[in-house]
Every structure is written in C-alpha cells, then in structure tokens.
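Trainee: Please take me through one part of this structure in close-up. I would like to see how it sits among its surroundings.

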Amino acid sequence: MTQKPTIAITMGDPSGIGAEITVKSLQDAALYEQCKPFVIGDKKILERALDVTNVNLDLNSIQEPKDGKYTHGTIDVLDLELVSDDLKWGEVSAEAGNAAFHYLKTAITLTNENKIHGICTAPLNKEALHKAGHIYPGHTEILAELTNTKDFAMMLSAPDLRVIHVTTHIGLMDAIKKIDSERVYKVIGMAHETLQKAGIESPRIAVCGINPHAGENGLFGNGEEEEKVIPGVEKAQEEGINVVGPLPADTLFFRAKRGDFDIVVAQYHDQGHGPIKVLGLEAGVNITVGLPIIRTSVDHGTAFDIAGKNIADELSLKEALRIAIDLAPRDKALQE
C-alpha cells in the first residue's frame, strides 16, 4: 500500500539559518500533499524564525511522529528544548553544536525504531559540533556510526548532474592514499543501486580519473588509475553494471550535464563538489547513500553571517525534501 512518506526535518545548528529555511519551506502547501513533514529541533528557535521571516504558520508540539497533524498551515515539531532563550544568531557555540547533534541523533533513533521514512537535514556547524565534544567531520559520519553502516558514500544532486564520491572529508594527499579498487567498486555499486531504486533501470555511470587526463596512459602520475581505479571499474562491468572509466575529470562533468551519463563517480571532495556548486548552491542536494534510510540535505552551510536576517534562500532545502520524497519507500509500514 502506497502512502505519504513521513519525513523528519532536523533543524541543524540553531544559531544558523536552518530554522529560517525550514519555516519558509513549510509554507508550501504542495509539500503536505506529497509527504508528512515534521521538524526535530527547538520550538523557541522556530518561533524566533517565524518572527524574523514574517511567515504566518502555527506550531504544534508532538512527542512522536504519529502525533502530527500534517496539515498545511501548521508545523509539527518534536521539541527537544535544548537551547537557552538567549542563544544568539550567527555565533559558534558548544550549546548550539550539542543541540544540532541531538536533533540528528533523535532522527536516527526514530529511523532505528522504524517510525519515519526519511530524514532531511538543515546544516550544522562542524566547529560548534566539535566544541560540544562531538568529534565528527559532519552529518554523514554521524549517520553512518549511529546506524552501524560500514559502506556509505556522499552523493550530490543538482539540476542535470549527479555526483557520488569515493572519498570526502579528508585531505587530498590522504584521499589519494585511501582510494583503492575495492572502494571504487563499492561506490559504483551504491550509485547503481540508488539510481535503480529511483526508477532508472540501467544507470549510466562514469568514473573520474585521479590524475589530469586520467593519467593519459602513464604520462601523468604514478599509475594510480591502473592500480586504484581500473580494477574496480572492470569488476563492476563484469557484474553487468553500465559503467565506464576512468575518464578525464576536466571534460567528464560537461558530458554528464549534457546528458551522456546519469551519475559521475568523483575520487575526492573538491573534484566532485566543485562542479555541483558551480551550478548553484541554492539547487544542490546532498544524499547519503548506503544507509538503511533515505537521508538528504542542503548542500550549503549554516551561513552565520546572514542568520536571523531573513536573507537565506530555502530553495535547496525544498529540493532536498523533494528528493527525500522521491526516494522514500512508500510501501514501508511504520511502527506506530
């Protein structure tokens, strides 16, 4: 039986723009026709965001997802009451970092209890997270640890381009050391499986080289493509996956945006993030692949410099919600 998916929106760092873009997004009546959205955060911060943005919506406190009204005009909020009344916009603090961590942890608990279909995350601040004693590079690593997920990858989506990463939040020298053929093979497999679930029967996957011109037959680099990339591509090809590479990154992203491929496998953070962000921060969406649940996120930060000023654009969060809705398993029965 198909149903509207229940999507938890985590508010992110309460000193950032998360609350503002959340209330702006939930003005859209169409979202309530497609899903059951609710917010995990602090009600007082959402009230402050409503005042700043002049958005006229009611807030309804809930204890469990099943308690939500899920009607346009009302934001259902699971209020964790973690921050003080005098928390300031735009400042890095351990208090805000700890709150952001526990918003996400609560969403993961609901995931593990089979009470939601997906998670859509507003941005957190890594410095604030670390100040609070939660030493993680970001959302993805918290999600992986708390769901006991060993193999996962970051996928970015923008209009006409999707990118999935072999490595992400590590330095470039460390990334090249960490890349190996088995990891490349696994990321290709995760890309294939994710896009099949999204309705693409035989996803066209292209893999970036590590060196300029993908090494150009040994002219550049020290044989990294031959050692670290090609065996993984060939293993996936042997399983019938529609994948090619390694290909030169300087032309591959153009070809993918043109429509030649459904997704690009990038080898390291900036190789994949750069092209996505050139297409527009406001339209980029971050998807964690390999988790036992759908998780999408905005592809921008907490924007402390504009927090509380009613400047933040909600388009990326709305796009992240749209993709969470598209990917969520509607036939999955939830635990009441």
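Mentor: Let's take helix 1: eight of its eight residues are buried, so this helix is largely enclosed by the rest of the structure. Buried here is under 20% relative accessible area, exposed over 50% and partly exposed in between, with a 1.4 Å probe and protein chains only. Helices (H or I, at least four residues) and strands (E, at least two) are DSSP runs numbered from the N terminus. This is a predicted model, where local features need pLDDT of at least 70 and side-chain atom pairs pLDDT 80 or more, while totals for chains, interfaces and linings use all residues. Residues are numbered from 1 along each chain as its sequence is written, and side-chain values use heavy atoms, without hydrogens and water.

Now look at its partner. The axis of helix 1 (residues 18-25) comes within 9 Å of that of helix 3 (residues 43-53), and the two cross at roughly 70°; axes are lines fitted to C-alpha atoms over the stretch in contact, with angles from 0 to 180 degrees between N-to-C directions. That makes helix 1 roughly perpendicular to helix 3 (65 to 115 degrees; under 35 is roughly parallel, over 145 roughly antiparallel, the rest oblique). The crossing is right-handed, the near helix being turned clockwise from the far one by less than a right angle.

Helix 1 brings Ala19, Glu20, Val23 and Lys24 to this contact (heavy atoms within 4.5 Å). From helix 3 come Ile45, Leu46, Ala49, Leu50, Val52 and Thr53. These residues divide into seven nonpolar, one polar and two charged; Ala, Val, Leu, Ile, Met, Phe, Trp, Tyr, Cys and Pro count as nonpolar, Asp, Glu, Lys and Arg as charged, and the others, Gly among them, as polar.

Glu20 also leads us to Ala307. Leaving aside neighbours within four places in sequence, Ala307 is in contact with Glu20, and with Ser15, Gly16, Ile17, Trp89 and Gly90. Ala307 lies in the loop between strand 12 (294-298) and helix 12 (315-327). With a relative accessible area of 7%, Ala307 is buried.
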